[in-house]
Amino acid sequence: NGTELFGVHYYSGDIPDTGVHRFLNKLDHLNGFFVQRFPLKNMEANCPNCKQTYQYLREKEVDTTIVADIVRMAAMDAYDVVVLMSGDADLAPSLDAARMFGKRTWVATWKNGLSKRIKQTAYGYIDLMDAIGVAQEQRRQELGTLEKQEKPKIVRVVVEEPEIVEP
């Protein structure tokens, strides 16, 4: 029995005229991608060491929107399996709720970004480093079978994402 990918819901803070903004614009034009953008809020804080005031940008409402969507779509029976690409413990209650609706919940993230709480809550876990290794091996095998044929052109796309640093 196969699995059909119905859609990808992508939630992100958005800063106009940046690599992230251009990336989100491209996702907006792909079938099956649903992009929700959130403006970043200017925040201020005081450095505990030097007492200087500094400013930074912070996403607001992203986590709560993800939680609401996972629960709402589970209640509407809009999916059978959810793969959450985040290790943030704040999102664990949404996976608990989805399981109560009979949904399978998976978490995909980098091992060092995985909270214990969300790993315990999810049905399963996908380490993205392992996924990269599998994809690279599949690609090597594909290229090996194509050696007698014309080799495909490989295009690398790099998207720069701004780093948001919190105190």
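This report walks through a helix pairing, the cysteines and some salt bridges in a predicted model. Residues are numbered from 1 along each chain as its sequence is written. Because the model is predicted, local features need pLDDT of at least 70, side-chain atom pairs count only at pLDDT 80 or more, and totals for chains, interfaces and linings use all residues; side-chain values use heavy atoms, with hydrogens and water left out.

**Two helices side by side**

Let's start with helix α2 (residues 62-75) and helix α3 (residues 92-100), whose axes come within 9 Å and cross at roughly 0°. Helices here are DSSP runs of H or I with at least four residues, numbered from the N terminus, and axes are lines fitted to C-alpha atoms over the stretch in contact, with angles from 0 to 180 degrees between N-to-C directions. The crossing makes α2 roughly parallel to α3, a label for angles under 35 degrees. On the α2 side, V67, I70, V71 and A74 meet S94, A97 and A98 of α3; contact means heavy atoms within 4.5 Å.

A98 is buried, with a relative accessible area of 0%; buried means under 20%, exposed over 50% and partly exposed in between, using a 1.4 Å probe and protein chains only. Leaving aside residues up to four places away in sequence, A98 touches I70, A74, Y79, K103 and T105. A98 and I70 are 28 residues apart in sequence, yet 6.9 Å apart in space, C-alpha to C-alpha.

**Cysteines**

A search of the whole structure finds zero disulfides, meaning pairs of cysteine sulfur atoms within 2.5 Å. The sulfur of C47 has its closest cysteine sulfur in C50, at 3.6 Å, too far for a bond. C50 is partly exposed, at 46% relative accessibility.

**Salt bridges**

Side chains of opposite charge can pair when their charged atoms come close. The count comes to seven salt bridges, each a side-chain nitrogen of Lys or Arg within 4 Å of a carboxyl oxygen of Asp or Glu. Among them are these:

| Pair | N to O distance |
|---|---|
| D28 and R37 | 2.7 Å |
| R117 and D96 | 3.0 Å |
| R140 and E137 | 3.3 Å |

R117 is partly exposed at 37% relative accessible area, and D96 is partly exposed at 21%. R140 and E137 are three residues apart in helix α5 (residues 128-145), so about one helical turn separates them. E137 is partly exposed, at 34%. Salt bridges that share partners also join D14, D28 and R37 into one network.

Methods. Parallel < 35°, antiparallel > 145°, perpendicular 65-115°, else oblique.
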